[in-house]
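Me: I'm new to this one, so let me put some questions to you as we look. Here it is.

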Amino acid sequence: MLNGGTESGAGSDSGRVRRGSEVFRAALMALAIPVLLSPLSARADEGVPSPTLFQPLAEPAGMILDYGFMLVATCLGIFIVVIALLAFTVIRFRVPADDKGREPPQVYGSDQLELAWTIVPVLIVVVLGLVTAGRIVALQRDEPPPGSLAVRVVGHQWWWELEYPDYGFVTANELHLPVGRVAFLELESQDVIHSFWLPQLSGKTDVIPNRTNTMWIEPQAVGMVVGQCAEYCGNQHANMLLRVFIHSPADFERWARGQQLEARKAPGVAEGRALFAHTACVNCHTVRGLSEIGHFGPDLTHLMSRTTLAAGAAANDRANLVDWITNPDHIKPGSRMPAMKLSASEVGLVAGYLESLE
Ligand code: CUA
């Protein structure tokens, strides 16, 4: 049931609402998008599609959107009926100018009226409550469904660690998912409370220290969407971005097999590799095949397979890489990564080495 597409168990209510609501939808989008999505500007480059609640690419985002429209349409219907009755009453029962002294008919204690304005609202609330309960049950999955893809998400100040336990590798800030298969996410935090939010794929789920929350995503179209941390978590909260690449199943397997490999030992970057291995870089970063002691920062084994640096704060290119190593605060003030006080030529060697980590 994405974009008015296939129906699957939404019930006749939301189907009717959707058909009759195109104009209403457009008006609501025009009003709501700037307000809802202003913090979600994609910083690293211009070619990234804007995130939107209104173009779901997965369940449960589709069913959440349908449910939202159903609620708004119901409230709008009630509003129109009430305003129409009010206007009718004001016009129809106006006291004529030449009859000011006459008292209008008194309806206090009318059984019909009392029953009507008790029963009708109760019915509306009960129906909405049942629909809501149905949606909550559909959204809630405490156990991974059979055949689902397991992903462990760990929130850090200010980046996302992404582990694929079935495949045995860890990456960061760019989630890759296959289309048509449920991904079952376990969300944990290393430090403070974060919130995992991908508006086009799902609702928000809090990421809480000492607790494992779960959520599921079933992508229904290939593409790239952006998301971000949605719970204030410190001064770089706004730069805790996330990208999701939805692939065909074959492309996903190809990507995952590439990620499983150890880091390339490219010729010509031995000096940079040695420098990386002998500075404090390795205390925080793992490069599989070189050093696996550091887990405080993102795994860099396949750094060059990612499109951004610093959780979406900058495009992943040579100039930004040099800038980032030289002075992380320049790109992301307050970042947990320290400046290593390397000389310009040493930074160049380390950047050259990192660029070989495809
Ligand atoms: Cu993490 Cu806000």
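Me: How many residues does α3 have, and how far does α3 reach from its first C-alpha to its last?

Reply: Bear in mind that this is a predicted model. In it, α3 has 32 residues and reaches 46 Å from end to end, close to the 46 Å expected at 1.5 Å a residue. Its buried residues are Ala61, Gly62, Met63, Leu65, Asp66, Tyr67, Phe69 and Met70.

Me: What makes α3 and α4 roughly antiparallel?

Reply: Look at the angle. Helix α3 (residues 61-92) and helix α4 (residues 111-139) pack at about 170 degrees, with their axes 11 Å apart. Angles over 145 degrees count as roughly antiparallel, so α3 and α4 get that name. On the α3 side, the contact includes Met63, Tyr67, Met70 and Ile78, while α4 brings residues including Ile124, Leu128 and Arg135. Sorted by class, the contact of α3 with α4 has eleven nonpolar, two polar and two charged residues.

Me: How do you know that the span of helix α5 agrees with what it should be?

Reply: Count and compare: helix α5 (residues 249-260) has twelve residues, which at 1.5 Å a residue should span 16 Å. The end C-alpha atoms of α5 are 16 Å apart, so the two agree.

Me: Which residues of α5 are buried, and why do we say they line one face of the helix?

Reply: The buried ones are Phe252, Trp255, Ala256 and Gln259. Looking down the axis of α5, they fall within an arc of 95 degrees, so they line one face. What covers them includes the strands β2 (149-156), β3 (159-164), β4 (169-172), β5 (174-178) and β11 (241-247).

Me: Zooming out, how many helices and strands are there in the protein chain, and what share of its residues is buried?

Reply: The chain has ten helices and 13 strands. Of its 358 residues, 42% are buried, where buried means under 20% relative accessible area.

Key
Residues are numbered from 1 along each chain as its sequence is written. This is a predicted model: local features need pLDDT of at least 70, side-chain atom pairs count only at pLDDT 80 or more; totals for chains, interfaces and linings use all residues. Side-chain values use heavy atoms; hydrogens and water are left out. Helices (H or I, at least four residues) and strands (E, at least two) are DSSP runs, numbered from the N terminus. The expected span of a helix is 1.5 Å times one less than its number of residues. Buried means under 20% relative accessible area, exposed over 50%, partly exposed in between (1.4 Å probe, protein chains only). The arc is that of the directions from the helix axis to the C-beta atoms. Contact means heavy atoms within 4.5 Å. Axes are lines fitted to C-alpha atoms, for helices over the stretch in contact, and angles run from 0 to 180 degrees between N-to-C directions. Angles under 35 degrees count as roughly parallel, over 145 as roughly antiparallel, 65 to 115 as roughly perpendicular and the rest as oblique. Ala, Val, Leu, Ile, Met, Phe, Trp, Tyr, Cys and Pro count as nonpolar, Asp, Glu, Lys and Arg as charged, and the others, Gly among them, as polar.
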